[in-house]
Amino acid sequence: ASSTHDTMIFAWIWFLALTLVHVFANYNGVRALLIPTLNEMRLELVFERFISAATAPNEADVGVRAISKIEPLLTPLLESIYYYRRNINIGVSWEECVTSKYQWKWIGELYTQNKGEKYLLNLSSQGQRTFSDGGSSRGGAVVNVVVFKDAKANDIHRAYFQALILLRSCKKNEKVIDSRVQVETSYKAMTRTFASFQKCVRDAGWNMETCLIGGKYVYELRQGKS
């Protein structure tokens with residue numbers, strides 16, 4: 001082999017070795033970061049530990065350091081396997097959230113009953129899976145959330161928390177679903193548990209005053225327009 005050829009081989013060996021060292025160092029650097037603000041993935045990890053615990057989890061279970069250690073960094077490879085977040089759409093248009101006159105009617109009634117909320121959500125229609133009100137979904141249920149213009153971080157956290165409860169319920173029930181019943185049941189479950197969840201999360205060191213979860217659209221309550 002020529003000296004030039006040998007030099008190229010060694011150059012590639014060194015390049016690959018240094019690249020692996022660089023990637024490993026970056027991975028460990030990012031893993032060492034402690035970010036005390038909830039995004040979709042961190043909120044879901046905290047939610048799963050909270051909802052699965054027999055008693056209120058402590059900082060060792062749901063704290064910033066504990067969640068940082070298990071938060072996947074090799075996205076989207078791992079998140080497509082383990083996470084609901086692909087099936088929750090925050091800040092969608094009304095047309096994406098409400099797809100029939102029947103849904104318009106009961107969602108309006110639900111908002112009338114819960115006027116203090118700054119969001120509304122619904123199960124979307126995508127294909128394969130059939131809902132009793134005419135909707136369906138492909139690859140499991142999908143939750144679409146309409147966010148109102150004056151929504152704060154707490155409202156977005158409430159919306160995402162309810163969406164997680166709703167998807168968890170849908171995952172357990174593969175039969176035909178009445179989306180109205182599912183949404184109303186998940187809302188009642190959210191109102192019963194969110195205050196204790198919020199306290200648990202704050203006590204564990206998370207910043208609940210800031211929200212990293214956002215969407216494309218926000219709507220005025222009065223006329224439902226952006």
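Predicted model: local features only at pLDDT ≥ 70, side-chain atom pairs only at ≥ 80, totals over all residues.
**Exercise 1. How are α2 and α8 oriented to each other, and which residues bring them into contact?**

Solution. The next step is the hand of the crossing, which is right-handed. Turning to the residues, α2 contributes E40, L43, E44, F47, E48, F50, I51 and S52 to the contact, while α8 contributes H157, Y160, F161, L164, I165 and R168. Sorted by class, the contact holds eight nonpolar, two polar and four charged residues.

**Exercise 2. Which residues of the largest nonpolar core touch the most other members, and what does V143 touch?**

Solution. The largest nonpolar core has 50 residues, and those touching the most other members are V46, L121, V143, V145, F161, F197 and W206. Helix α8 gives the most to this core, with 10 residues. Taking V143 by itself, and leaving aside residues up to four places away in sequence, one finds that V143 touches N87, I88, N89, L121, N122, L123, A163, L166 and L167.

**Exercise 3. How many helices and strands does the protein chain have, and what percentage of its residues count as buried?**

Solution. The protein chain has nine helices and five strands, which follow the pattern α-α-α-α-α-β-α-α-β-β-β-β-α-α along the sequence. Of its 226 residues, 42% count as buried.

Notes:
Residues numbered from 1 in each chain as written. Heavy atoms only, no water. Left-handed = near helix turned anticlockwise from the far one by under 90°. Helix = DSSP H or I, 4+ residues; strand = E, 2+ residues; numbered from the N terminus. Contact = heavy atoms within 4.5 Å. Nonpolar A, V, L, I, M, F, W, Y, C, P; charged D, E, K, R; others polar. Core = buried A, V, L, I, M, F, W, Y, C linked by side-chain atoms within 4.5 Å. Buried < 20%, exposed > 50% of the residue type's maximum accessible area, 1.4 Å probe, protein only.
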